[in-house]
Amino acid sequence: MDLFDYMRTNTMEKEAPLASRMRPATLDEVVGQQHIIGKDKLLYRAIKADKLGSVIFYGPPGTGKTTLAKVIANTTSSRFCQINATVAGKKDMEDIVKEAKDALGMYGKKTILFVDEIHRFNKSQQDYLLPFVEDGTVTLIGATTENPYFEVNNALLSRSRIFELKPLEKQDIRELVLRAVYDEKKGMGAYGADITEDAADFLADVANGDARAALNAVELGILTTKQSEDGKVHITLPVAAECIQKRAVRYDKDGDNHYDTVSAFIKSMRGSDPDAALYYLARMLYAGEDVKFIARRIIICAAEDVGNADPNALTVAVSAAQAVERIGLPEGQIPLAQAVAYVATAPKSNAACLGIFKAMEAVRSEKTPPVPAHLQDKHYKGAEKLGHGLGYKYAHDYPRHYVKQQYLPDGMEDCVFYEPTENGFEKQIREHMEWLKGEGKD
């Protein structure tokens, strides 16, 4: 490195974006991703022991793929080379492989090759790397936002471990935001800035797991906001909202507004108003509400308020919950909206819900009589001698697969817990139950 390279490197380090300057140098500084770099995890142990094999980091933007590669570079004793697959050509790889061979042959030093956006490599580029990964000339670290099982060839995959990085949790982003504001060495602490609790929470929410988005907003806010009379730059909620270019919706996840919005959401579905239900869904999604929480509310409403008036409502709600968990946001809002519209427009019945409440109250408040003898299990040793199971009538042996028989315990024969309504499919259930009870029997 000559003098000009040295000066350029120093200048870039000082002038680099905040998100770049805040990258940790050691494993212990890394925030989040504990499912793969916790102290008891394989990746952590391999990095610490300097025994890392080829790996591919897969995850959405801003989750720390490049950060982990830099940490590995600082932690291991290997040479570190970095290329971006969008601009690197075969000549670049040939040069890296030659240098890696020289370093290994002359100094016994391994080379780590970090390929950012490895999914952009075409098949021939990936094939070129394969023998050098296989013989240990280079240790590959690939980073991709795309599913490597679709974008990386099988030969390279078989020689690499796949680690999936997940969107950072809100508390992780919040910790990084506070570090960025107050850290004088890597962050913006020298500016004497201050950030309010609600502004930090807001940035952590709307960043949606992307640390880079939150840190860019912090940097922009501190650099463009005038000092107050106390000499400090105050990052308030309006400033944070403007810098991340997203309006702050009044929605405190632990306060009254949260519960008011959720209540309105559920009551709109129960009240068969799909427009209102979709509006409150949008408010929750925009404010960064946990999609799992939203999905659970839809499932509960489908069972409690729609019930057997349309049994498909519960199926749609559960399917939407599974879909949003698999595909995430923003696309996940579509199956959620489908489920909300379906539940809101479905015929309603809370008969099954009321039925379990009545049955639970009966169990809680009354003595629990024994199960009728003819319903008891007759298969265990000595059961038949005790009269268990004797006299039981097998329903499928009778016309229309039904025979009158006592099922409730003695003394409870007249109890009614489930009373089907006249709504939707439950009307057919009601008619069928009336036939079973002998009303209108053929």
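Five aromatic pairs are found in this predicted structure, where rings of Phe, Tyr and Trp (its six-membered ring) are paired if their centres lie within 6.5 Å, and where planes under 30 degrees apart count as stacked, over 60 as edge-to-face and the rest as tilted. One of them joins Phe-57 and Phe-163 in a tilted arrangement, with 6.3 Å from centre to centre and 50° between the planes. Phe-57 belongs to strand E1 and Phe-163 to strand E5, so this pair ties together parts that are 106 residues apart in sequence; helices (H or I, at least four residues) and strands (E, at least two) are DSSP runs, numbered from the N terminus. Both Phe-57 and Phe-163 are buried, a word used here for under 20% relative accessible area, while exposed means over 50% and partly exposed in between (1.4 Å probe, protein chains only).

Another pair is formed by Phe-80 and Phe-114, whose ring centres are 6.3 Å apart and whose planes meet at 20°, so the pair is stacked. It links distant parts of the chain, with Phe-80 in strand E2 and Phe-114 in strand E3, 34 residues apart. Phe-80 counts as partly exposed at 26% relative accessibility, whereas Phe-114, at 0%, counts as buried.

Five strands make up an open sheet in the order E2-E3-E4-E1-E5, with parallel pairing, two strands being paired if DSSP finds at least two bridges between them. Strand E2 (79-84) and strand E5 (161-164) stand at the edges with a single partner strand each, so one side of each is left without a neighbour in the sheet. Neighbouring strands of the sheet are turned by 20° against each other on average, direction ignored. Strand E1 (residues 55-58) is joined to E5 by four bridges, and the two run parallel; here Phe-57 stands opposite Phe-163. Helix H6 (residues 90-107) lies across E2, strand E3 (111-116) and strand E4 (138-144), and runs at about 175° to E2, where axes are lines fitted to C-alpha atoms, for helices over the stretch in contact, and angles run from 0 to 180 degrees between N-to-C directions.

The cysteines come next. A disulfide is a covalent bond between the sulfur atoms of two cysteines, and the search for one asks for a pair of cysteine sulfur atoms within 2.5 Å. Across the whole structure, zero disulfides are found. For Cys-301, the nearest cysteine sulfur is that of Cys-353, 11 Å away, and Cys-301 is buried, with a relative accessible area of 2%. Cys-415 is partly exposed at 32%, and its sulfur is 19 Å from the closest cysteine sulfur, in Cys-353, too far for a bond.

Elsewhere, Gly-424 sits in the loop between helix H19 (351-365) and helix H20 (426-436) and counts as partly exposed at 39% relative accessibility. Leaving aside residues up to four places away in sequence, Gly-424 touches Ala-309 and Pro-347, contact meaning heavy atoms within 4.5 Å.

The protein has a mean pLDDT of 84, and 91% of its residues reach 70 or more.

Residues are numbered from 1 along each chain as its sequence is written, and side-chain values use heavy atoms, with hydrogens and water left out.

How values were computed
This is a predicted model: local features need pLDDT of at least 70, side-chain atom pairs count only at pLDDT 80 or more; totals for chains, interfaces and linings use all residues. pLDDT is the predictor's confidence in each residue, from 0 to 100.
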